[in-house]
Amino acid sequence: MKTIIVCTDFSQEAENALHYAASMAKENQYHIVLFNLQSVSIHALNAQVSADFFYEQTLKNQKKLMDKASEISNLYAVKTEYHLASGSFIEELNNCIHATNGDFIIMGMAEKTLEQRLLGNNVIKAIHRIKKPILIIPGHIEYTGIRKVLFAYDTHKSITWSAMNDIYSFINEFDAEIEVFNVSESVEDFTEVIHDVDLNSGYDLDDIKYSFKMIQSIEIIKAIEEEVKLANADLLTMVPYRYNLVESLFHRSKTAIMAYKNKVPLLSIPLNID
């Protein structure tokens, strides 16, 4: 039985993602762990408040998280626990994954703000640094099942076996149809997709409903957005590529861009390359 970790700060988008996760958990008999990273306001730090104040705040946060876990458990009839932490988001989320043996993460995504443009946010940090699949839920989406998956596949980026295992496992879990979609500036790249060893070897494709679609375009993000609509996809899957320092000066992560812009849930699959 899988365990999904749902990150929450009790915001509107986090609440929406939680109910999406709970509906999915009920359908597939998953366990849920609510993860909350408590923070202390800058005003409290400046005021140098006492240790008793921090202790009381922790108790309040724990009670709030406990009540939310109980609410979800009663509402959806799924086992729901909680994990309260403080400190670095990535470090504490990794600790939660190890402590609960979590299989994948669910996070809500708010509309892009000026602050996020300047500093990024926890969702974007997680998709590049957490070595578990992350399902990112737009703030307006409700769970209605996963029947069609669009896998935006880049022939120019290496894909590991662990990444492919995660993708095929997810497809089989939901008995979903997958469309492997490739956008390229060069027509010659199309034969790479069809004959790609990593994409096809080691799997019985007779058990999977799949199709390939390839188009030539220089506007990759726009093409993916349009194909999500045309395919009537319930889920977009991408594998983020981690650029080195020099590459990052000239490239932006397409997965991060789609996390902000996407109109359907985005499943980010880690490469898991150390």
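First, the ground rules. This is a predicted model: local features need pLDDT of at least 70 and side-chain atom pairs 80 or more, while totals for chains, interfaces and linings use all residues. Residues are numbered from 1 along each chain as its sequence is written, and side-chain values use heavy atoms, with hydrogens and water left out.

Now the overall picture. The protein chain has 12 helices and 10 strands. Those are DSSP runs, numbered from the N terminus: helices are H or I with at least four residues, strands are E with at least two. Of the 274 residues, 47% count as buried. Buried means under 20% relative accessible area, exposed means over 50%, and partly exposed is in between, with a 1.4 Å probe and protein chains only.

On to charges. Side chains of opposite charge can pair when their charged atoms come close. A salt bridge here is a side-chain nitrogen of Lys or Arg within 4 Å of a carboxyl oxygen of Asp or Glu. The whole structure holds 8 of these salt bridges.

Take K2 and E173. Their closest N and O atoms are 3.4 Å apart. K2 sits in the segment before β1 and E173 in helix α7, so the pair ties together parts 171 residues apart in sequence.

Next, K63 and D67, at 2.7 Å. Both lie in helix α3, 4 residues apart, about one turn of the helix.

Then E227 and K213, at 3.0 Å. E227 is in helix α10, K213 in strand β8.

Last, a network: salt bridges link E15, K68 and E71.
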